[in-house]
Amino acid sequence: MPSRAGAVHVATTKRTYKGRVYETHLLRRTYRDGDQVKHQTLGNLSHLPPDLIETIRRRLRGDPPETTGQWEILRSLPHGHVAAVLGTLKALDVESVLASRPCRERSLVVAMIVARIVQPTSKLATARALRDETASTSLGRELGLGAIEDEELFEALDWLFERQVRIETKLAKSHLADGTLVLYDVTSSYYTGRRSALLQFGYSRDGQRGLPQIVYGLLCNAEGCPVAVEVFAGNTADPKTLDKQVAKVRQRFGVQRVVFVGDRGMITSRRIDEDLRNVEGLEWISALRADSIKSLASQGVIQPSLFDQRDLAEVVSPDFPGERLIVCRNPLLAEERARKRRELLAATEQELAAIAAATRRAKSPLRGAAAIGLRVGKVLNRYKVAKHFELTIQDNEFTYHRSEAQIEEESALDGIYVIRTSVSAEAFGSEDTVRAYKDLSKVERAFRSIKTVDLKVRPIFHWLDDRIRAHVFLCMLAYYVEWHMRRKLAPILFDDHDRARAEASRGSIVSRAPRSEVARAKDETRRTEDGMPVHSFRTLLADLGTLAKNRVRLAGVPGSELELLTQPTPLQERAFALLGVAP
């Protein structure tokens with residue numbers, strides 16, 4: 001990368017050929033790259049009128065404008081955010097990953113990926129924003145898309161879906177190696193239509209119980225870089241998606257030795273027995289459910305003395321043959337669960353007391369075991385602590401009291417969780433195993449970005465199954481570019497760019513991940529180390545978007561049009577330097 005932006009000027013060269021003198025006027029940028037001075041040609045101005053060339057020369061030199069002429073701005077398009085995203089995409093060679101040769105469909109898919117990051121909207125709105133006459137950014141011009149029909153984007157989406165397998169295989173070749181660790185999790189998104197066969201009612205992570213949904217699973221490498229995504233029907237249980245991902249990684253991607261990391265709802269005992277156990281080269285890291293932890297405690301496998309010296313310990317149990325169990329206790333988590341339980345119990349008792357009072361009131365008392373039970377059931381379903389109460393419901397009476405023994409038994413396990421794994425201690429120590437499981441938060445971070453914060457996978461406007469799949473895949477590719485951008489831009493984002501040092505000073509892997517001193521300073525001052533304002537990824541893109549590409553001309557001079565960028569701010573220059581791209 002050049003060490004500085006450099007100066008733009010007009011360079012004039014003359015040459016004589018067969019007795020005639022030819023002049024060439026080039027718009028050039030001169031910059032220093034280490035010890036070398038280099039020149040970059042930005043455009044040829046030779047076709048412009050001589051007076052206009054001279055005006056441009058003087059203005060670039062810093063001379064004041066002449067009073068005899070006036071520049072007209074014909075069009076101004078937001079450009080900086082497009083240049084940042086498109087430049088990163090090209091640097092990552094995503095175009096070659098999509099297709100080895102240039103084609104119209106590839107250019108349109110690139111446009112949709114960039115647009116999804118810059119300004120996520122429907123495909124019809126994206127097509128409108130790419131057309132020159134209705135453009136809202138410089139993206140369409142940068143890619144030279146020309147006239148765009150609405151249907152072209154849908155056809156390009158079909159083209160993308162046909163290539164999903166080979167694209168994911170290329171990504172896996174770059175980011176997965178034999179013996180790698182793979183993070184896998186699923187989420188869901190609701191849908192307001194009814195036409196797709198993928199749309200089914202299931203457990204809604206969006207809290208939209210009255211709407212059908214789709215389920216999709218994301219595969220990431222150990223660092224959280226997305227590699228593949230797959231869409232399932234909305235009523236597909238999490239464990240049911242696992243076998244396809246195992247086959248994808250081992251057969252399609254050719255990774256024979258792999259460690260799958262999934263949460264306790266994903267890698268269950270049944271999945272382990274049916275799909276994972278005794279498969280050569282296949283290992284897993286997951287966690288135990290609450291009932292299994294309770295069973296281990298009743299057997300005496302988990303005891304308070306385990307945590308006298310440390311907050312984690314390895315145990316064994318005949319219920320989990322061939323597996324290592326790492327018991328962890330987080331005091332902060334224990335305190336939080338105890339607080340939440342107290343509040344839920346108090347809220348439940350308050351409403352149960354109101355029901356009991358309703359059965360004793362003199363006027364229109366609540367009567368009938370069915371009616372009383374219905375109101376009690378609503379309360380218990382709301383607060384989810386029915387197991388902590390003993391209830392007596394009769395036709396004319398309702399009483400309740402806490403089950404203190406049950407509450408005390410559950411409280412003894414507050415803050416305790418158990419990681420289960422088939423990986424040997426030589427390959428992954430206790431702390432490494434716990435860290436790998438906690439790294440599932442990287443997939444959750446990807447879901448937050450894809451679903452809500454940045455890329456907005458919903459609302460889903462497509463009707464056809466394959467186009468819904470292609471839409472989700474497009475959002476994954478957009479996050480792939482964003483993931484790399486975030487890593488490079490971390491020094492000017494709220495993201496912790498000194499995480500390695502913070503991890504080195506961490507007292508225990510069980511404790512909450514610390515923020516580095518640099519990150520805490522950014523949180524407190526809202527400034528970077530060099531005094532620039534700290535941004536979120538979204539607000540930084542908005543700031544970059546203020547760097548515009550202007551089409552200007554000299555008033556009264558036909559054919560004098562040219563494009564000029566607004567002067568970048570220091571923050572914008574810093575962002576482009578971190579990304580390694582030019583505006």
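This is a predicted model: local features need pLDDT of at least 70, side-chain atom pairs count only at pLDDT 80 or more; totals for chains, interfaces and linings use all residues.
Which residue of strand 2 does A7 stand opposite? Residues are numbered from 1 along each chain as its sequence is written, and side-chain values use heavy atoms, with hydrogens and water left out.

A7 stands opposite T30 in strand 2. Strand 1 covers residues 7-17 and strand 2 covers residues 20-33, and the two pair in the antiparallel sense over eleven bridges. Two strands are said to pair if DSSP finds at least two bridges between them. Helices (H or I, at least four residues) and strands (E, at least two) are DSSP runs, numbered from the N terminus. Two residues lie between strand 1 and strand 2 in their hairpin, where K18 takes a positive phi near 55°.

Strand 2 also pairs with strand 3 (residues 36-44), again in the antiparallel sense, over eight bridges. Here L27 has G43 of strand 3 as its bridge partner. These two strands likewise form a hairpin with two residues between them, and G34 in the turn has a positive phi of about 70°.

The chain as a whole may now be considered. Its secondary structure comes to 21 helices and 16 strands, and its C-alpha trace spans about 110 × 65 × 50 Å along the principal axes. Of the 583 residues, 46% are buried, that is, under 20% relative accessible area, as against over 50% for exposed and in between for partly exposed (1.4 Å probe, protein chains only). Among contacts (heavy atoms within 4.5 Å) with a separation of 6 or more, 66% join residues 24 or more positions apart.

The accessible surface comes to about 29,500 Å², and carbon and sulfur atoms contribute 50% of that area; the areas come from the Shrake-Rupley method with a 1.4 Å probe, and for residues only the protein chains shown count as cover. There are 89 positive and 76 negative side chains, with the centres of the two sets 4 Å apart. Lys and Arg count as positive and Asp and Glu as negative, His and the chain ends not being counted; each charge is placed at NZ of Lys, CZ of Arg, CG of Asp or CD of Glu.

L565 belongs to strand 16 (residues 562-565). This residue is partly exposed, with a relative accessible area of 38%. Beyond its neighbours within four places in sequence, L565 contacts H79, L547, A548, K549, N550 and P583. The C-alpha atoms of L565 and H81 are separated by 13 Å, although 484 residues separate the two along the chain.
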